[in-house]
Amino acid sequence: MEANLRWSLVTATAPIAWGANYYVTRQFLPAGHPLYGAALRALPAGLLLLAVCRRPPRGSWWWKSLVLGFLNMSGFFALIYVAAQRLPTSAASTVMASAPLVMMLFAWALVAERPGPRQLAGAALGVAGVSLMLLTGAVPMDAAGVLASVAAMAMSSFGYVLAKRWSAEVDVLASTAWQLLGGGILLVPFAVAVEGAPPVLDAPALLGFAYVTVVATALAFAAWFAGLRRLPAATVGLLGLLNPVTGVLLGTAIAGEALTIRQICGLLLTLTGILLGRKGGFLTVRNGRNSARSDNINSGLNYRQ
């Protein structure tokens, strides 16, 4: 139980950092350069982690890094930008809140982790909580924006579980570094072709990118993938709901936005879903048979890939 809680806290730093990243991006980073912004986020973070682990890709990881880099970094970042341009933040965040359910399905298929009733209920509560927290009225829906948001959610959910399956053979820092570098390398030619010259960065933008690169990317993704290795994908997916929770709380604390009763109820419902799912059991499928196991029994162990 203690190991489970410890790794849950480590993993939770990732969605919290990503929630704060929204504010930093809006306030300090240059607008109109999403591809360069994503490349400047991924490449330095990947190089930083590579300098720490000092392990270049070997064998199949040359192509696995590009696949995971596309799914979890470059393709995901590009689709999120399209969704952000065409949908209100509330609508896009609500679509992304369904990621825990999708991750559970992919984890069942790819790594034989069958979610238990508590985790399914926790995911449902989380989606309801985020919807209550963010959808405050009539929200205009753009078909292309919805498709981009759904594609980004499905792509990253699949990529995270695929990384869980593939990364058991290598160090977490190394696999995270290779994914970031692979995603950044894929982004650069598209950034040059679509956006032309890179943006000029002033002092606030440099400080903003320092936070985005070191905290919201290098540390956050390392914590996220470390959690995926040691916890069920369903539990990690539910912890991802701390992302919109952080965004709402930062809007209240820093931007001076008022926290409504509806948002408070949504926050409480989302946190209840996270706690319910973390305590819930799941089933692992081995040799064609189902065996019930709890999170507490499996905490801190590496799952067979």
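**Exercise 1.** In which crossing, left-handed or right-handed, does α2 pass α8?

*Solution.* The model is predicted, with local features needing pLDDT of at least 70, side-chain atom pairs counting only at pLDDT 80 or more, and totals for chains, interfaces and linings using all residues. Residues are numbered from 1 along each chain as its sequence is written, and side-chain values use heavy atoms, without hydrogens and water. Helices are DSSP runs of H or I with at least four residues, numbered from the N terminus. The axes, lines fitted to C-alpha atoms over the stretch in contact, of α2 (residues 34-53) and α8 come within 7 Å and cross at roughly 150°. Because angles over 145 degrees count as roughly antiparallel, α2 is roughly antiparallel to α8. The crossing is left-handed, a word used if the near helix is turned anticlockwise from the far one by less than a right angle.

**Exercise 2.** Where does α8 bend, and what follows α8?

*Solution.* The bend, the angle between axes fitted to the seven residues ending at a residue and the seven starting there, is about 25° at L187, and the proline P189 follows within four residues. Just after α8, G196 takes a positive phi of about 75°.

How values were computed:
Helices (H or I, at least four residues) and strands (E, at least two) are DSSP runs, numbered from the N terminus. Axes are lines fitted to C-alpha atoms, for helices over the stretch in contact, and angles run from 0 to 180 degrees between N-to-C directions. Angles under 35 degrees count as roughly parallel, over 145 as roughly antiparallel, 65 to 115 as roughly perpendicular and the rest as oblique.
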